[in-house]
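Good morning, and thank you for joining this group meeting. I would ask you to look at the sequence and the structure as I bring them up.

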Amino acid sequence: MCGIVGTIGKTDTLPFLLEGLGRLEYRGYDSAGVAVVNENEIKIRKAVGGVSRLVEEVGRNPVQGNPGISHTRWATHGSVTTENAHPHLDASGRLALVHNGVVENHKHLREELVGRGHTFHSQTDTEVLAHLIGESFDQNADRNRSALVHAMQEALRHVRGTYAIALIHADLGRFLAAARSGSPLVLGIGKDAQFIASDAAALDGWVQDVVFLKDQDIAALDGESFHIAKVNGSEAAVPKLRKIEVEARATGKGGFPHFMLKEIHEQPHALREAMKGRIILEEATARFTGLHRTNEQLRDLKRIILTGCGTTFHAALAGEYMIESLARIPVECDYASEFRYRNAPLDSETAVFVMSQSGETADTLAALRESKRKGALTLGICNNVFSTIGRESDGGIGLRAGVEIGVAATKTFTSELLILAMLGLMLGRIRDLSQADAMEVIEGLDELPGLVARTLEREQIIASIAAKYATARNFLFMGRQANFPIALEGALKMKEITYIPSAGHPSAELKHGIIALINEETPTIVLAPQDEVFEKNISNIEEIKARRGPVIAIGSEGDKSLESLCDATILLPAAPTFLSPFLNTVALQLLAYHTAVIHGCDVDKPRNLAKSVTVE
Ligand code: M6R
């Protein structure tokens, strides 16, 4: 996590640093800070809280300078305090550094530095980097720009873990250096300035070209030219300049009180975008050109692994049902965060779909690299196709959901579900799925955006149910088949933005332990659309009611049985069975959203979370 922006140009860097940092707040918002070189001194401003707090601090205590570095933090080592906010200084106070990643051997390095007389001012793992580099630089008689690069090479060789760093030195004037290993960093080249950032999106509108730095790269920038060296001193590859189209930034909330609600309402549009040009009616199939694979190559696949984290993992679980039923190919789902810690057998007949809306999730990236190492085909499913996962995969599919600002994933989840449904359709058509059955799927998909729009029309009913149950201290969510992962997702949404303990379960597991949790105070949300397991869901509801548990049922329009049995009912548009997970998701997103609003929670920036989890 954590976001870095650094720049060196002809004018004051503060406006760029603060704006760029605001664009990276999705990576963390525990604290923010900035350091600039001003008249051969390092000037630092820091604040606990989001970037707006830093802007206030700079307003109270103005500062300007060039070059400059800045950071938005998601705390890993050391609590959320001003002392722990980046930038951090070296022992001389003349070198300032920002860091994204985790220095795993920081304790050992700190002890050694303390033994050599260094004093630390924070509990962070980062501060050792500033001290190590500063110490090495100060020992070099030259004290010039090359000496700083040498100092970085010398210091970083002792570091275990992951890092993206940017640093400035008061004695080197217009000079900014950066390095990465395991954490993303991009170099941007503008007309009058050069930049370093964790994500190209931070540089939107300021740069013409970018260079995605590689692991072990050290970049040295003087405002006009740049040079890339390697940490181990070897020759760096010639940097590849890339034009980058950063998608138009969602600057406003479009009249909605929160980004999350706006993004929930954007789902019909996002779903249409995900399908555009990808449904081939004449062949009753779907096509994804970014996979770079022929039908023959795809037909040879014997197994599919879907991997991701959090909400994206729930999409994978739902995808398993969809792909297996449409394509009859074995699908396994793996938490990306667990994947590399078990010895998964992989081979060239396995395709690993590496799923991540951000494309920067550290665990998912590690799963991608592990899969590659073992010879599997890796295919990314990302919203940000320029992300590290997007770039490192053998092929991929873009979600086209548009920028998602709310930390709780909403539209990207339903777009992931849709991509997986289309993937099932495509893989089915190159195997056994008949044209007639495929056309039924396509007709259903065609209706999907409209069905989601009609589901959104239930918002007032859902808001009133949220009001009725907002004081609950726990929630249970249950569903069967592809609606089981939706129950998990509903529970995750509720937890993340309301902080109310909530758990999702397969309905059929009720009797195997969960029923012990049923009491008069714990509402259970049961996903019970009209499908072949409807009667089974009714039995579960009866079992909960027999133990006086309140039930909120989410069913299908026209249903008569749920209303008489349940304490609250949300009836959604009647839809083909394979589409009910989409509609149920939207209802659960709204339920969590309205509950969070009643509780006065910070819906778009829930406590302790970050949009993109770029550390293990
Ligand atoms: O960007 P990714 O899809 O890789 O993110 C994975 C999870 O961190 C993410 O889905 C997280 O669970 C969501 N913020 C939940 O709303």
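This is a predicted model: local features need pLDDT of at least 70, side-chain atom pairs count only at pLDDT 80 or more; totals for chains, interfaces and linings use all residues.

If you follow the chain, you will find P67 in the loop that runs between α2, residues 51–60, and β4, residues 68–73.

As for where P87 sits, the residue belongs to the loop between β4 and β5, the latter covering 88–89.

I now turn to the phi angles. E39 is not a glycine, yet its phi is positive, at about 45°. This residue is found in the loop between β2, residues 31–38, and β3, residues 41–48. Is E39 buried or exposed? With a relative accessible area of 72%, E39 is exposed, the cut-off for that term being over 50%.

Finally, I ask you to move to H292. What is the phi of H292? It is positive, about 55°, although H292 is not a glycine. The loop that holds H292 lies between β16, residues 285–286, and α8, residues 295–299. H292 has a relative accessible area of 55% and is therefore exposed.

Thank you for your attention.

How values were computed. Residues are numbered from 1 along each chain as its sequence is written. Side-chain values use heavy atoms; hydrogens and water are left out. Helices (H or I, at least four residues) and strands (E, at least two) are DSSP runs, numbered from the N terminus. Buried means under 20% relative accessible area, exposed over 50%, partly exposed in between (1.4 Å probe, protein chains only).
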